[in-house]
Amino acid sequence: MGAMDDLDVRVRLTVETAQAMRELGGRLAGLLRPGDLVLLSGELGAGKTTLTRGLGEALGVRGAVTSPTFVIARVHPPLGDGPALVHVDAYRLGGGLDEMEDLDLDVSLTESVVVVEWGDGKVEELAEDRLHIAIHRGTGTAADDVRQVVVTGVGARWRSAGLSGLSVACG
């Protein structure tokens, strides 16, 4: 993920249900603006797509947000005057920016919110300011749905963006 700066903003959350993960995505959407890059990491089934679904619903974009694993990237145009959501699965992308540009997404990344699953180490050069969200699953049967989420805002854009407000009502 690269070295984190002391000025980066980090928020740790416990998310107890899939519905709470969607709600977290909705709260994140309220902080996002066109040109923002969000990198999601976490093992299979951790909740990356669930979080993105909540984000897409709150942004008011067209189309059901599903995992883009087999298409690599999916563009969800806005239903209103908000930004498009570009949802990318970088798991099979080897090298970053060039391959992203080769996807020919037919949308301006600077006018969209771009969410990249499995993007760590691959697409950071797309934006100096970006949001890294790491989702970790709980262990044991009682903790099956519980996720530990670490949201890190990298760069000046996130220092005063209100990330600390995400920790409210994540149960």
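Let me begin with Arg 157, which forms a salt bridge with Asp 36; their closest N and O atoms are 2.7 Å apart. By salt bridge I mean a side-chain nitrogen of Lys or Arg within 4 Å of a carboxyl oxygen of Asp or Glu. Arg 157 lies in the segment after E7 and Asp 36 in the loop between H1 and E2, so the pair ties together parts that are 121 residues apart in sequence. Helices (H or I, at least four residues) and strands (E, at least two) are DSSP runs, numbered from the N terminus.

Before I continue, a word on the source. This is a predicted model, in which local features need pLDDT of at least 70 and side-chain atom pairs count only at pLDDT 80 or more, while totals for chains, interfaces and linings use all residues. Residues are numbered from 1 along each chain as its sequence is written, and side-chain values use heavy atoms, with hydrogens and water left out.

How many salt bridges does a search of the whole structure find? It finds two. Arg 22 forms a salt bridge with Glu 57, with 2.1 Å between the closest N and O atoms. This pair links distant parts of the chain, since Arg 22 is in helix H1 and Glu 57 in helix H2, 35 residues apart. Arg 22 counts as partly exposed, at 27% relative accessibility, and so does Glu 57, at 46%.

I turn now to the sheet. It is open, with seven strands in the order E1-E7-E6-E2-E5-E4-E3 and mixed pairing; two strands pair if DSSP finds at least two bridges between them. Strands E1 (9-15) and E3 (73-76) stand at the edges with a single partner strand each, so one side of each has no neighbour in the sheet.

Strand E4 (residues 84-89) pairs with strand E5 (residues 112-117) in the parallel sense, over six bridges. Within E5, Val 114 stands opposite Val 86.

Conventions
Buried < 20%, exposed > 50% of the residue type's maximum accessible area, 1.4 Å probe, protein only.
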